[in-house]
Each structure stands twice: as structure tokens, then as C-alpha cells.
Amino acid sequence: MGIKINNQNTHNSSDEEMVLNIGPQHPSTHGVLRLKTITDGEIIKKITPYIGYLHRCFEKHCENLTYEQAIPFVDRCDYIGSMNNDFGYAIAVEKLMDIQVPEKVEYIRVIVAEMNRIASHLLAVGVFGLDVGAVTPFVYCFRDRERILDLFEMLCGARLLYNYIWVGGVSHDFPVGWVEKTYEFLDYFEPKIIETNDLLTYNKIFIERTADVGVIPPEVAISYGVTGPNLRGSGVKWDLRKNETYSIYDKFDFDIPIGTGAMGTIGDCWDRYYVRIRELEESLKIVRQALDQMPRQGDIYESMPKKIRPNAGHIYSRTESPRGDLGFYIESDGSATPSRLKLRSPAFTALSCMDEISKGWMLADMLTILGSLDIVLGEIDR
Amino acid sequence: MVDFYINLFSSIEFIKSYQSSIFIISVVLAGIPIFGFMAVNALVAVYVERKVSAFMQDRLGPMGHGVGLHAGKWGVLQTLADAIKLLTKEDIIPDSADKKLFLLAPCIIFIGSFVAFAGFPFNEFLVAADFNLGLFYILAMSSVGVIGIILAGYSSNNKWSLYGSMRSAAQIVSYEIPAALSLLPVVMLSGSLAFKDIVFAQTGSTLGILPNWFIFNNPFMVVAFWLFFIAGVAEVNRTPFDLPEAESELVAGWMTEYSGMRWAFFFLAEYANMFIVAGVATIGFLGGWLSPIPGYFDGNIWGVFWLVSKTSFLIFVMMWFRWTFPRLRTDQLMRMCWKFFLPGSFFVIIGVGLWDLIMR
């Protein structure tokens with residue numbers, strides 16, 4: 001018996017090479033991603049990422065939804081950094097409609113967005129540890145991420161998909177005691193970064209596994225359109241929060257960490273990882289400053305439009321999500337629904353350079369590289 | 001124990017004449033407790049592993065709560081429930097697998113660690129088969145399992161399994177050498193390959209307090225112990241050397257296609273191998289069944305207690321490694337073996353030899 005399977009993936013090349021399908025069901029593909037890998041022993045010859053397993057027609061849906069109805073769908077794109085997605089979308093629509101939101105709302109948005117950046121980077125760091133085989137840092141990161149999710153739950157009732165930042169405002173004001181709890185979290189979390197550094201960042205085996213591996217040279221990163229921590233890991237100081245300041249990011253004092261090649265070459269996996277660790281600290285700084293400066297009084301619904309019906313026109317607006325340059329292109333025909341909405345996904349561009357940077361490395365390195373890019377399939381497939 | 005049974009049966013008048021039957025019955029009677037010990041060892045070790053990992057990771061691990069059917073206080077029945085689940089699971093053999101080899105592989109892996117246990121002494125008398133080549137025998141038998149691993153990987157007809165088994169073969173064969181070489185100083189110091197003599201050579205105390213264990217004999221022995229222990233961890237495929245079953249890379253490595261009962265046998269063998277490696281390290285370097293306070297608490301029952309507790313401590317250290325370190329890469333693993341461990345163990349042999357020559 002036995003069913004003869006005609007393997008359509010047979011690569012027409014020497015017998016030494018083998019086609020290995022990694023995913024769509026694999027512990028390290030960070031979602032439903034399929035990587036068709038041509039290997040020679042353990043050495044990677046070629047990688048072709050196949051995406052679309054999580055395609056939910058986000059952009060097409062948006063053409064049939066009103067602007068406010070689209071927000072829950074935006075949440076579900078990059079489901080690790082939902083607040084940042086909402087933020088980017090809200091800014092795009094507000095630009096289209098010329099809405100100026102009150103200062104308090106700006107502060108609330110920056111606080112939740114940076115908190116979500118911390119949560120997202122914690123996941124990235126922990127899962128990266130898991131990819132190189134360290135299980136415990138992952139659990140530690142999730143323990144801390146859990147506290148942020150608890151705070152968000154207190155804020156808007158949801159733990160993952162918040163639907164919190166609306167066009168022209170936010171859905172709820174900070175509940176009583178939230179600010180104090182957030183301060184508590186900041187004090188709790190600061191030493192935990194040191195713990196992660198002790199356990200994982202400066203671990204000899206971890207450095208062996210990640211330093212010099214999967215180097216993205218700055219010019220390659222730029223030509224592929226890689227953004228966010230991946231670009232900064234390559235030593236390019238580019239962060240939209242500083243370079244194209246939006247919202248009120250100019251009011252805060254924070255650094256843009258870049259990869260320095262401290263353990264190997266500039267732009268290796270360790271650099272990308274370490275940029276995320278440093279960004280945790282920077283985000284903490286921003287949240288602390290924003291909480292200190294935030295006006296306690298004010299109406300958060302003040303600038304919220306009764307109905308969202310932008311004039312005909314189009315807008316492209318981009319913000320810095322945890323994964324990089326998240327762009328929204330919205331074309332309006334003057335009706336209540338966008339006639340076209342396009343999301344520019346930072347994870348998609350990061351994935352596109354997989355083949356270029358992981359050629360010649362071993363199978364284990366390939367998954368390290370994939371982990372260091374911190375992709376979210378929900379955003380790639382949309 | 002085999003000899004004991006043979007003598008026992010031979011002394012009974014009416015079965016004295018059936019010599020071959022006596023031998024078989026004796027071997028079976030000696031084997032049953034080993035099997036029992038392996039099963040209990042795996043059950044306890046799995047539970048401990050889960051609890052150790054949980055406490056290291058700020059979790060509780062398996063817990064039972066409330067009334068009705070649950071995993072018992074602190075989840076002590078969890079592994080038992082797992083074992084029942086594994087034994088009653090559907091027996092799956094992949095369609096395209098090489099059926100005979102697929103069925104044979106778990107048996108070979110299990111037999112490998114089972115026969116190694118046969119030569120493992122728990123105290124002076126409690127050993128299934130008392131050889132005068134015990135150390136050599138265990139080293140030889142503990143590498144039988146690799147055949148099973150290769151068979152499992154090959155017969156599964158799965159690329160992940162193949163990768164896992166190829167890695168495993170390279171790894172185990174490589175690390176056998178430093179493991180054996182770093183045990184040579186023990187043989188040099190005791191002048192014997194029999195476990196009994198090795199332990200007897202460690203009786204007494206230096207300076208009145210410090211037990212006369214080989215690890216305290218000279219500085220080179222500390223290095224030898226360290227080399228053997230690390231090589232042993234690599235030999236039993238534990239993190240940071242768990243490449244053959246690297247979860248995040250190879251799904252489950254050579255075990256990918258196995259489930260249920262057969263997979264349980266792999267598990268049993270894995271924990272048995274851990275016990276053997278830790279046990280050989282204990283006997284070779286940490287005084288085996290001798291009490292840590294020389295002259296006190298020695299005896300047959302205490303001996304078993306000391307041996308098992310020292311061994312358990314080393315197993316705990318292995319678990320500690322597993323929940324702390326990331327995983328090495330294949331080439332780094334090989335480099336470590338051939339460029340550091342092998343020269344290191346030669347260095348230790350020379351060092352111990354010279355030390356013994358000069359200090360004696």
C-alpha cells in the first residue's frame with residue numbers, strides 16, 4: 001500500500017540537494033509561513049518564502065467598511081502591536097480629515113503605543129531566545145508582557161486586539177488607578193531588562209549562535225526596504241519618531257539605539273536582538289516622561305467626529321510600529337468608506353531579504369535569522 | 001545478582017540439574033528490578049524535570065486542585081497519567097515508513113540503556129551482573145542506542161527525522177571519545193575497570209575531613225570530572241547539546257514520527273541514560289556509594305542512598321543546564337568536541353599521570 005506522492009517541489013539540480021519544506025506548521029516559523037528551503041546537508045542553498053496562509057482580505061474588507069469599522073480589522077493585522085496599528089491608522093485618517101486631537105489624547109496614545117511596543121519587543125526577544133533553544137527567557141518575557149496585557153485589559157477590556165485608538169480620540173479615558181499601576185509596572189520592569197541581559201544577551205552560547213550570523217549590511221537593508229529595529233540593527237539611524245516626528249514625540253527625550261557590531265559584525269542577529277533590548281529601555285523612558293507630563297484634565301472625545309466622511313482625496317501616512325515603518329495609504333471618494341486602503345507592512349519587507357541573508361548558513365542559523373527579523377504573519381498576509 | 005540467583009537455585013536439590021533453565025530464570029529475575037527501576041526513574045525524573053523547570057521559570061508546574069479526578073497534590077500523579085495516556089494511545093506507523101526498522105528502532109534504543117543498567121552497581125552487592133570490566137562495559141553499551149537512533153531517523157522517511165538522526169550519530173560518536181578518555185584517569189588511579197575496585201580505591205579521607213574521592217585527588221581530576229560530565233550531557237542529547245531533537249529547528253528530530261508507546265520507550269531510555277551518565281560520574285569521581293563524611297553512614301542501605309542522591313544531584317544539574325542555556329549549532333558542537341574536549345582529555349591523562357608519578 002502507500003500512496004505515491006508526486007513531489008512537485010523536486011528541484012532540478014544535483015543529487016546532493018534536498019528540498020525541505022519548513023512550515024506552514026512548524027514551531028519556529030512564527031505563524032503560518034512556509035519556507036521552501038533547498039539544502040545541501042545542513043547548508044542552506046536557497047529559501048523561497050511562501051506567504052498567504054493567513055490572508056484575510058484586510059484591504060478588500062476595508063473597501064466595504066466605514067472608517068471606524070475598519071479599526072478592529074487594523075488591530076488584527078499586526079496582532080502583537082495592535083495599539084501601534086490603530087495609532088497609525090487613526091493618524092492617517094485624521095490627516096485626511098484635518099483633525100487636530102487634544103493634547104491629552106496625544107499623551108494617552110503615545111503611552112499606550114509605547115507600552116505596546118514594550119509588549120511586542122518582549123515577545124520578539126523571548127521568542128528569539130526560544131529559536132536558539134533557550135526556553136526560560138521566553139517565559140520570563142511572557143511573565144512581564146502579561147502585566148502589560150493586564151494593564152490594557154483594565155484600560156479597554158481587551159488583551160490582544162484593543163480597538164482602543166479611534167479616529168479623533170480614544171475609546172476610553174484612563175480608568176482610576178491606571179496611571180499609578182503603570183508607574184508600578186515601570187518600576188517593576190526596569191530591573192527585569194538586566195535580568196534578561198544576564199540570562200540571555202551576554203550568554204556565551206547565545207553570542208556564539210547569533211553574532212556574525214545573518215548579517216544585513218546597511219545598503220542591503222535599505223535596498224530591500226527593511227525598516228524598524230532590523231534597519232537600526234544594521235547601523236542606520238532611522239526612526240520615524242525622530243526623523244519624521246508625528247504626534248507629540250518631539251516632546252520626549254529618548255535615543256535611537258543602533259547596532260554597533262559589539263559582538264561581531266554590524267547588522268548581525270545579535271545586533272538586531274540588542275537593538276530591541278535597548279528599545280525596551282527607551283520606550284520605558286518615553287512612557288515615564290509622558291505619564292509625568294500628561295494633563296490630568298480634559299475631554300478625550302472633544303475632537304471626535306460624529307461621522308467620518310473625508311473629502312475626496314488620498315493620503316499616505318506612516319508611523320513607527322514595533323516592526324518598523326507602518327504605512328497607510330487611503331484613497332477617499334468622499335463617502336463613508338475608503339475606496340482603497342493599502343497597508344505597507346514592515347514585516348513583509350523584512351521577510352523579503354531572507355533569501356539574501358541566509359544563503360550559506362546552516363539550517364539552525366536560518367531559523368535564528370528568521371527569529372531575529374521578528375515577523376508577524378498577520379501583517380505580512382493581511 | 002545473576003550469580004546470586006544461580007547459586008541460590010543450584011543449591012536447591014530438585015532443580016539443580018536444569019542448568020540452562022536456571023541461568024535464564026536468574027537473568028530474568030535480575031532483569032525485572034532493572035526494568036522496574038528504569039520505569040520508576042523515568043516517572044520520577046519527568047516529574048522532577050517539570051517541577052524544576054517550573055520553579056526556574058516562575059511557574060507552578062503540574063498541580064492538582066479541588067475534588068474529583070485530578071493530578072494529585074502538587075501534581076505528583078501527572079506523570080503517571082501521562083504514562084497511561086501514552087500506553088493507550090493509537091499506535092501509528094507512517095504509511096511510507098520502513099515498517100520493520102521503524103518497529104525495531106525503539107527496541108534497540110531501549111535495549112541499549114537496559115543492558116547498560118545491568119552492569120551498574122547501586123552498592124557493593126546490588127548489581128545485576130558483576131563484571132570486572134564494568135566501566136568498559138557501560139561505556140560500550142551506552143553507545144548501542146545510537147544504532148536505534150539512526151534506524152529511527154532513517155525508517156521514518158521524514159526529512160526532520162533524518163536530520164535529527166544524522167546529527168545524533170555524529171554527536172554521540174564524537175562525544176564517546178572524550179567521555180571515555182576523561183574516565184581513563186579514574187582507571188589510572190584505581191588500577192581497575194571494575195566499579196567495586198574503583199569505589200574501594202576512594203575510601204578513607206585526606207586531612208581527616210575531606211573524603212578521599214577521586215575528584216579531590218588532584219586538580220587535574222576536577223578537569224577530568226568536568227570534561228566527562230559535559231561530554232556525558234552531550235552523549236545523552238540534553239540541552240545545550242540537544243540538537244538531534246532541537247524542538248525549534250527539527251520539530252522533534254528523530255522522534256518526529258513516533259508517538260504513544262514507542263515514544264514512551266524513547267523517553268524511558270533517555271532518562272535511563274541520564275541516570276547512567278550521572279551514575280558513572282558519581283562512581284568514577286564522587287566516591288560512588290561512599291558517604292560524604294568518611295567513616296560515618298556507610299553501609300549497604302546507606303550506600304544505595306548516597307549513590308542515588310549524588311546521581312540525582314548531577315541529574316538536577318543537567319536539568320539546570322537545560323532550562324538555562326540556549327542550544328549550540330552542529331559545527332560548534334563538533335568544534336568543541338574535537339578541538340577542546342579531545343586535547344583537553346589527553347592533557348588531563350598526562351597531567352594525572354605526572355601528578356601521580358611525582359606526588360606518590
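This is a predicted model: local features need pLDDT of at least 70, side-chain atom pairs count only at pLDDT 80 or more; totals for chains, interfaces and linings use all residues.
The secondary structure of chain A comprises 15 helices and 8 strands. Its radius of gyration is 21 Å, close to the 21 Å that the globule rule gives for 382 residues, so chain A is as compact as a globular protein of that length. The C-alpha trace of chain A extends over about 70 × 50 × 45 Å along its principal axes. Of the 382 residues in this chain, 49% are classed as buried. Among contacts in chain A with a separation of 6 or more, 70% involve residues 24 or more positions apart.

Chain B contains 13 helices and 2 strands. Buried residues account for 46% of the 360 residues. Of the contacts in chain B between residues at least 6 apart in sequence, 76% link residues at least 24 apart.

The contact between the chains draws 30 residues from chain A and 24 residues from chain B. On the side of chain A that touches chain B, at least two residues each are supplied by strand 1 (17-22), helix 4 (103-131), helix 5 (136-156), helix 7 (204-210) and helix 14 (363-373) of chain A. This side of chain A consists of 17 nonpolar, 7 polar and 6 charged residues.

In helix 6 (residues 145-155) of chain B, 9 of the 11 residues are buried. The buried residues are Gly145(B), Val146(B), Gly148(B), Ile149(B), Ile150(B), Leu151(B), Ala152(B), Gly153(B) and Ser155(B). Their cover includes helix 4 (99-118), helix 7 (159-190) and helix 11 (260-285) of chain B. Just after helix 6 of chain B, Asn157(B) adopts a positive phi of about 55°.

Helix 9 (residues 219-235) of chain B has 17 residues, which at 1.5 Å a residue should span 24 Å; the end C-alpha atoms are 24 Å apart, in agreement with this expectation. Helix 9 of chain B is mostly covered, with 12 of its 17 residues buried. The buried set comprises Met221(B), Ala224(B), Phe225(B), Leu227(B), Phe228(B), Phe229(B), Ile230(B), Ala231(B), Gly232(B), Val233(B), Ala234(B) and Glu235(B). These residues pack against helix 7, helix 11, helix 12 (300-322) and helix 13 (330-359) of chain B. Helix 9 of chain B is followed by Asn237(B), which has a positive phi near 60°.

Helix 11 of chain B also packs with helix 3 (residues 78-88) of chain B, at an angle of about 135° and with the axes 6 Å apart. The two helices are therefore oblique to each other. Helix 3 of chain B contributes Ala83(B), Leu86(B) and Leu87(B) to the contact, whereas helix 11 of chain B contributes Gly260(B), Met261(B), Trp263(B) and Ala264(B). By class, the residues of this contact comprise 6 nonpolar, 1 polar and no charged.

Individual residues were also considered. Leu35(A) is located in strand 2 (residues 34-40) of chain A. With 25 other C-beta atoms within 10 Å, Leu35(A) is buried, because the threshold for this class is 20 or more. When residues up to four places away in sequence are not counted, Leu35(A) touches Ile22(A), Gly23(A), Thr29(A), Ile47(A) and Pro49(A). The C-alpha atoms of Leu35(A) and Thr66(A), which are 31 residues apart along the chain, are separated by 36 Å.

Most residues other than glycine have a negative phi. Asp212(A), by contrast, has a positive phi near 70°. This residue is found in the loop between helix 7 and helix 8 (218-224) of chain A. Asp212(A) counts as partly exposed, with 16 C-beta neighbours inside 10 Å. In chain B, Asp58(B) likewise takes a positive phi, near 65°. Asp58(B) lies in the loop between helix 2 (19-56) and helix 3 of chain B. With 11 other C-beta atoms within 10 Å, Asp58(B) is exposed.

Key
Residues are numbered from 1 along each chain as its sequence is written. Chains are lettered from A and ligands numbered from 1 in the order in which they are written. Helices (H or I, at least four residues) and strands (E, at least two) are DSSP runs, numbered from the N terminus. Two residues are in contact if their C-beta atoms, placed from the backbone, lie within 7 Å. Ala, Val, Leu, Ile, Met, Phe, Trp, Tyr, Cys and Pro count as nonpolar, Asp, Glu, Lys and Arg as charged, and the others, Gly among them, as polar. The expected span of a helix is 1.5 Å times one less than its number of residues. Axes are lines fitted to C-alpha atoms, for helices over the stretch in contact, and angles run from 0 to 180 degrees between N-to-C directions. Angles under 35 degrees count as roughly parallel, over 145 as roughly antiparallel, 65 to 115 as roughly perpendicular and the rest as oblique. The radius of gyration is taken over C-alpha atoms; the globule rule is 2.2 Å times the number of residues to the power 0.38.
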